[in-house]
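These are my notebook entries on what I looked up in the structure, kept in the order in which I went through it.

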Amino acid sequence: MQVNENFEPVIVAFCCNWCSYAGADLSGTNRLNYPTNVKIIRVPCSCRVNPMFILRAFQKGADGVIICGCHPGDCHYTSGNYFTRRRITLLYSMLDFLGIERNRTRLEWVSAAEGAKFAATMEQFTADVKALGPNRRLEDLRCRKQ
Amino acid sequence: MLKISKSRLGELFDAVAAKQTLYIPTDREPGAAEYKKYESGMELTKELNTVRSAKDFFFPQTENLADFKIEGKTIEVKDIREECGDFVVFGVRACDARSFTILDKVFLCEPVDSFYKNRRDHGTVVTMACSRPAETCFCQTFGIDPTSPEGDAACFDDGESIFFKANTEKGQAFIDSIASLLEEGDTAKLDEVNAKTKEIMAKLPLAKLSTGNFGGDKLNEYFNSDKWAELSEACLGCGTCTFVCPTCQCYDIRDFNTGHGIKRFRCWDSCMYSDFTKMAHGNPRLTQLERFRQRFMHKLVYFPANNNGEFGCVGCGRCLAKCPISMNIVKVMKALEEK
Amino acid sequence: MQEAMIKRAKELLADGSVDRVIGWKRGEFAYDITPAVFTSAEELERDFVFDDFTAANVSKYLVKETAKEGKILAFLKPCDTYSFNQLIKEHRIDREKVYVVGIPGGPKLDIEKIKAKGITGVLSVKNEDYTLKIETLYGEETMPFSEAVLDKCASCKSKKHVAYDELIGEDGDVLESNRFDMVEKLENMTAQERFDFWRGQFSKCIRCNACRNVCPACTCENCVFDNPKSGIDNKAAADSFEENMFHIIRAFHVAGRCTDCGECSRVCPQHIPLHLLNRKFIKDINELYGEYQAGADTTSRAPLTDYTKDDCEPSVVHERGVE
């Protein structure tokens, strides 16, 4: 697919407050760079993420959406991320079924101690989405900036 | 009357489409037709009518009304209205053609709806007479003759050729624009076809349905009828009837935040919905019975009362075919008339 | 069968076990059946019908009916009993207020398929030894019964009644059905082909909400699509995104609770194959979290409100099907 060299994807990252958001903070304090394309939205737990949030992000201009949460077994609320895992697996499978590119969505477990992993994940994900080009299949034309 | 052989319809469509946008009813899949913008090679459907009615051309399902740009504390209002291009809608049936008269009464009375008027002024309606009515048809009940449809120009199919007749100036202009493809024809066979169609019309299961006592002066009697409970019982409140109906005209106006401005748009609404005409104090009709009753009272009593006896239904039969639980205006009319 | 049902309904009304009956009422033509509640023997005798066109699932009406006083007799086909159980599990129906009589299932007929053959002006449809004799305004037509069967009946998953107080006729078995065939076919297409297929389908959607309103799993009193506070209340699909969004979200909301009754596709005025979305979820759940049939019982946890510590990761999506 022809991709404009200057295309910079908009990435929305839903990060759970207790692990992955702290992990993002850690990558900052360790002065590890990760792309400025990533816009972080803090949620109390990854299971707060409603499928509507993901669709809304795509509607309003996101090219890729990633969800970060605590590792299974370590959820601050005990079992939230288990529900996330099932819910997001089914949602991503449905998006794939409808023909949305697989690499536009991801789920990653990042703990509060994994600052390096956070930065590396965001770097990799941004590169993957950049290769796909702008989101056209789940786009709301009214929201496209002229 | 001027005519063209059916085998040359493609040429005719190509000629029309070369000068303005042309929409014809075409098959989407076996058993379902829809209006589509004509492209060379597209064929006219053999179905009696389309699933969605022709009101879409003058009153689309969604339409932008205005844009707002917000910068700091100033709001700029943008008028996004554009002059519509000329277009032709071909193959409209008599029922849908009558629905435009009804919609005109709503949108073209003061204050005139400029969006609707824009499209109405630029659109030419070319109707097609029916020869194979369905069991769900009851346009006769509302004084519509399917063998003699309204519209700017009317077409008649005798099996081999399509005949053209102008009803208005616009229709005459349309026929003049394709006159080079037409020739004079003898209408003897057409008269036979029309006579046969009238025979079938008399045999239709709903041929005897009459608007009889319906109208403004029976308002209280019908409103308080005890039949509404039974009639509305199975209604799902879905809105299918209102969306396939060629005369339903309710709409909602909403604002959409695009992230870099607001788009104010209007979209079809349905009186079947639980939040229809929700106001600051709440909803005026809290039960499905009231909403169901409202729809049919509007079509059979309130609209004729306000519009010199013109009913808000054209007998197209779409609600008979598409309601998920098979409730429709015919069943309502018959139940209310039952003593 | 219709006679036996009317007879039994009259008996139960007469002895006071129930004070009303929910079933189907005949309409103007052969095929326009309306679900209806009958309160007397006369009404039953005059209007009750059970034939090749009574495909409607009446279990959802029981939500409204059991909120009233008294007990109602419900005639449920095997597929309807699954919806019934699911509604019991979700506490939407008061079991005490329903007397369930299990009745034989389909296959039921689809008038749209008869009309798609070019048969118009249908006045009556008679089944003679699996050939349909159709009387129309334009003469008599025939077609094989099998070609007019409803899609949902053609891929029937079970003739077993999973809930009943008594049965009229025989009980059946859970069947080996081909209901995931089309889902698999789509999974094996490329992403672009799948996208084109679904765009072609969803662009037809007129947001009539018939699918949502007929669905037994959609019983929210204030649906998210009608709620201005949700931010996604839209009456019409203003563009392709909104066309997609409604269906993705609705399929997701019923995931794990959908009993695959097929009503959504049957009622869609634009013939969108909505059941494929729900079957995709069912297939995924079966493959990833174990075989699960919603409505088979009233006690098991729905897959999306349950988990195991060893569930697979979402990255499994990258390893399945065709990209």
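Before I list covered residues, I write down the rule: a residue is buried if 20 or more other C-beta atoms lie within 10 Å of its own, exposed if 12 or fewer, and partly exposed in between, with C-beta atoms placed from the backbone. The model is predicted, and I note that local features need pLDDT of at least 70, that side-chain atom pairs count only at pLDDT 80 or more, and that totals for chains, interfaces and linings use all residues. Residues are numbered from 1 along each chain as its sequence is written, while chains are lettered from A and ligands numbered from 1 in the order in which they are written.

**Entry 1: a helix in chain C**

I started with helix 4 of chain C, where eleven of the twelve residues are buried. Helices (H or I, at least four residues) and strands (E, at least two) are DSSP runs, numbered from the N terminus. The buried ones are C:P78, C:C79, C:D80, C:T81, C:Y82, C:S83, C:F84, C:N85, C:Q86, C:L87 and C:I88.

After helix 4 of chain C comes C:H91, whose phi is positive, near 60°.

**Entry 2: chain A as a whole**

Chain A has four helices and four strands, and from the N terminus on they run β-α-β-α-β-α-β-α. The radius of gyration of chain A is 15 Å, close to the 15 Å that the globule rule gives for 146 residues, so chain A is as compact as a globular protein of that length. This radius is taken over C-alpha atoms, and the globule rule is 2.2 Å times the number of residues to the power 0.38. Buried residues make up 53% of the 146 residues in chain A.

I looked next at contacts, where two residues count as touching if their C-beta atoms, placed from the backbone, lie within 7 Å. Among contacts in chain A between residues at least 6 apart in sequence, 83% join residues at least 24 apart. For A:C16, leaving aside neighbours within four places in sequence, the partners in contact include A:Y21, A:V43, A:C45 and A:C70.

**Entry 3: two domains in chain B**

The domain assignment of chain B, whose bounds come from an automatic or database assignment, gives domain 1 (2–203) and domain 2 (216–337). Their contact takes 34 residues from domain 1 of chain B and 27 residues from domain 2 of chain B. Which element gives the most to the side of domain 1 that touches domain 2? I found that strand 4 of chain B does, with nine residues.

In helix 9 (residues 288–306) of chain B I picked out B:L300, which is buried, with 24 other C-beta atoms within 10 Å. Not counting residues up to four places away in sequence, B:L300 touches B:F214, B:F311 and B:M333.

**Entry 4: where chains meet**

The contact between chains C and B takes 33 residues from chain C and 40 residues from chain B. Strand 2 of chain C gives the most to the side of chain C that touches chain B, with four residues.

**Entry 5: backbone exceptions**

Most residues other than glycine have a negative phi, and most peptide bonds are trans. A cis peptide bond joins B:E110 and B:P111, with omega about -10°, and B:P111 is found in the loop between helix 2 and helix 3 (114–122) of chain B. The bond from C:G106 to C:P107 is also cis, with omega near 10°, and C:P107 lies in the loop between strand 4 and helix 5 of chain C.

Phi of A:R31 is positive, near 60°, and A:R31 is exposed, with 8 other C-beta atoms within 10 Å. Phi of C:D129 is positive as well, near 55°, and with 6 C-beta neighbours inside 10 Å C:D129 counts as exposed.
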